[in-house]
Amino acid sequence: MEYLHTMVRVADLDAALDFYCTKLGLVEVDRKDSEKGRFTLVFLAAPGNVDEARTRHAPLLELTWNWDPETYEGGRNFGHLAFLVDDIYALCQHLHDHGVIINRPPRDGHMAFVRSPDGISIELLQRGDPLPARQPWSSMENTGVW
């Protein structure tokens with residue numbers, strides 16, 4: 001058995017791509033439009049997995065956008081996506097600077113949570129040992145749910 005991808009449905013493909021690619025830093029590696037099915041599939045990979053994702057078609061995040069409007073609620077019942085990051089403080093600052101709420105700040109230098117525009121919980125984990133505590137993160141309160 002081998003892991004291929006996680007699929008999440010998105011209500012607004014442009015907003016989702018802005019979040020996952022522009023803000024979070026994932027890379028689009030493939031896209032499929034289905035006229036008959038009236039949907040678009042966009043496959044994203046973490047920067048460190050792009051070559052592998054293009055050759056093996058894994059590991060990927062599959063965004064499914066149905067062309068006919070649908071309402072997706074909850075998000076949290078999905079669980080979460082997890083990404084290993086090189087500098088959790090730098091990424092959280094980048095996300096914060098671009099208007100993303102840091103729901104669970106990286107107070108411990110190891111873990112943070114944010115949410116996508118569709119309410120999908122995203123866990124960010126520091127690669128290697130936790131970074132030393134740093135302000136403003138170490139004293140920042142949680143916001144909302146993740």
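## Overall shape

Contact here means heavy atoms within 4.5 Å. By that criterion, among contacts in the protein between residues at least 6 apart in sequence, 61% join residues at least 24 apart. The model is a predicted one, where local features need pLDDT of at least 70, side-chain atom pairs count only at pLDDT 80 or more, and totals for chains, interfaces and linings use all residues. Residues are numbered from 1 along each chain as its sequence is written, and side-chain values use heavy atoms, leaving out hydrogens and water.

For 146 residues, a compact globule would have a radius of gyration near 15 Å, and the protein's 16 Å agrees (taken over C-alpha atoms; the rule is 2.2 Å times the number of residues to the power 0.38).

## Helix H1

Helices (H or I, at least four residues) and strands (E, at least two) are DSSP runs, numbered from the N terminus. Helix H1 covers residues 13–23, and its buried residues (under 20% relative accessible area, 1.4 Å probe, protein chains only) include Leu-13, Leu-17 and Tyr-20. At its start, a side-chain oxygen of Asp-12 comes within 3.1 Å of the backbone nitrogen of Asp-14. Just after H1, Gly-25 has a positive phi of about 100°.

## The four-stranded sheet

Now for an open sheet: its 4 strands are ordered S5-S8-S7-S6, with mixed pairing (strands pair if DSSP finds at least two bridges between them). Strands S5 (80–85) and S6 (102–104) stand at the edges with a single partner strand each, so one side of each lacks a neighbour in the sheet. S6 pairs with S7 (residues 111–115) in the antiparallel sense over 2 bridges, and Arg-104 stands opposite Phe-113 in S7.

Conventions. Buried < 20%, exposed > 50% of the residue type's maximum accessible area, 1.4 Å probe, protein only. Polar contact = N/O pair within 3.5 Å; in protein donor to acceptor, adjacent residues only side chain to side chain.
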